[in-house]
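Biologist: I would like to learn how to read the strands, the sheet and the core of a model, one feature at a time. Could you take me through them slowly?

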Amino acid sequence: MQYLPERMEPGILYVSMEYGTVAHRCCCGCGEEVVTPLTPTDWKLIYDGETISLKPSVGNWNLACRSHYVIDHGRVIEAGPWSDERIAAELRRDKIAKERYYGPSKTTEEAVPAAAVPPPEVDRSLYARLGRWLSRLLHGRSTAHAHKRLSR
């Protein structure tokens, strides 16, 4: 998928292999858009041939709802709330992980590429082919994007 749809449907996980991004409406029901980058230091998408999992959990600490959940085998599992201290510790851990992977920088934003891209040694066309393959597999047809319905 090159662009997100103008209106994302609740309960649908939108996957862009080309841009290394997964997007969805917040699973708490607040309707906010949630975007999770697929990078070596952020989230991992796992497709087992039938269902999709997103690891680690999704913590929407910057949203009013502050929801926290896991997407596991196509199911949304509510996770417990985190304290401000635990969130701060996770943000520090995330910054350190990015600095280790991308190199030291003054800000986290500088450490993360503007668009999630595979490492230079990886053939980008592989990501496009995987995205098309996943879309055909999920929908039984060739489309420009892939999405998978989530359940509770």
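**Strands, sheet and core**

Biologist: Which residue in strand 5 is the bridge partner of Ile46?

Modeller: In strand 5, Ile46 has Ser53 as its bridge partner. This is a predicted model, in which local features need pLDDT of at least 70 and side-chain atom pairs count only at pLDDT 80 or more, while totals for chains, interfaces and linings use all residues. Residues are numbered from 1 along each chain as its sequence is written, and side-chain values use heavy atoms, with hydrogens and water left out.

Biologist: How are strands defined, and how many bridges join strand 4 to strand 5?

Modeller: Strands are DSSP runs of E with at least two residues, numbered from the N terminus, and two strands pair if DSSP finds at least two bridges between them. Strands of a sheet pair through backbone hydrogen bonds, either parallel or antiparallel. Here four bridges join strand 4 (residues 44–47) to strand 5, and the two run antiparallel; Leu45 stands opposite Leu54 of strand 5. Four residues lie between the strands of this hairpin, where Gly49 takes a positive phi near 95°.

Biologist: In what order do the strands of the open sheet stand?

Modeller: The order of the four strands is 4-5-6-7, with antiparallel pairing. Strand 4 and strand 7 (75–78) are at the edges, and each has a single partner strand, so one side of each is left without a neighbour in the sheet.

Biologist: Which residues have the most contacts inside the largest nonpolar core?

Modeller: A nonpolar core is a set of buried Ala, Val, Leu, Ile, Met, Phe, Trp, Tyr and Cys residues joined through side-chain atoms within 4.5 Å. The largest one has 17 residues, and Leu54 and Tyr69 have the most contacts inside it. Strand 1, strand 5 and strand 6 each supply at least two residues of this core.

Methods
Buried means under 20% relative accessible area, exposed over 50%, partly exposed in between (1.4 Å probe, protein chains only).
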